[in-house]
Amino acid sequence: MSNAATLRQVFSLMDEKDFPSIRELLAPEFTAVFGGNPPMGVEEWTGMSQMFYAAFPDGRHVIDEIYEIGDQVFSRGSFSGTHTGDLMGIAPTGKEITITEMTFDRFADGKLVEHRAEADMFGLMQQLGAIPSS
């Protein structure tokens, strides 16, 4: 399986909330960096992902573009869902959201070693009404 195909599988398993199967695709030294936050290990990244899916249980990723260059995979896409659970103290709004995201991933021996993601969190907060949109 190509690294790009493995990354697609990771996103698909995330949307299914199948975190045990995702762990099988991660290298033991896996790290994730989301925005400007400090690097996370498997446990912290899984916890953050589960918190996000608790807020958006119907959440789905769409990959618009994906490129594989050597051991690196770059993707651009979006995440959409309905805010029906608490998100970092923001009570459920019932609003449907869509945010854009880009990921930069590095693989070794077919396993995901490093996941870097940039997502439009400002846009998310605006869509939820936590930040004024104008």
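Reply: Leu-26 stands opposite Leu-112 in E5. This is a predicted model, where local features need pLDDT of at least 70, side-chain atom pairs count only at pLDDT 80 or more, and totals for chains, interfaces and linings use all residues. Residues are numbered from 1 along each chain as its sequence is written, and side-chain values use heavy atoms, without hydrogens and water.

Start with strand E5, residues 111-119. Strands (E, at least two residues) and helices (H or I, at least four) are DSSP runs, numbered from the N terminus. Two strands pair if DSSP finds at least two bridges between them. E5 pairs with strand E1 (residues 26-34). The two run parallel, joined by 5 bridges.

E5 also pairs with strand E4 (residues 96-108). Here 8 bridges join the strands, and the direction is antiparallel. Arg-106 has Glu-114 of E5 as its bridge partner. E4 and E5 make a hairpin, with 2 residues between them. Asp-109 sits in that turn, and its phi is positive, about 50°.

Next comes helix H4, residues 121-128. Helix H3 (42-55) and E4 are among what covers the buried residues of H4. After H4 comes Gly-129, with a positive phi near 85°.

Now place this part in the whole. The protein has 4 helices and 5 strands. Read from the N terminus, the order is α-α-β-α-β-β-β-β-α. The radius of gyration, taken over C-alpha atoms, is 15 Å, close to the 14 Å that the globule rule (2.2 Å times the number of residues to the power 0.38) gives for 134 residues, so the protein is as compact as a globular protein of that length. Along the principal axes, the C-alpha atoms fill a box of roughly 45 × 25 × 25 Å.

Of the 134 residues, 42% are buried. Contact means heavy atoms within 4.5 Å. Among contacts with a separation of 6 or more, 53% link residues 24 or more positions apart. The accessible surface (Shrake-Rupley, 1.4 Å probe) comes to about 6,900 Å². Carbon and sulfur atoms account for 55% of that surface.

Conventions
Buried < 20%, exposed > 50% of the residue type's maximum accessible area, 1.4 Å probe, protein only.
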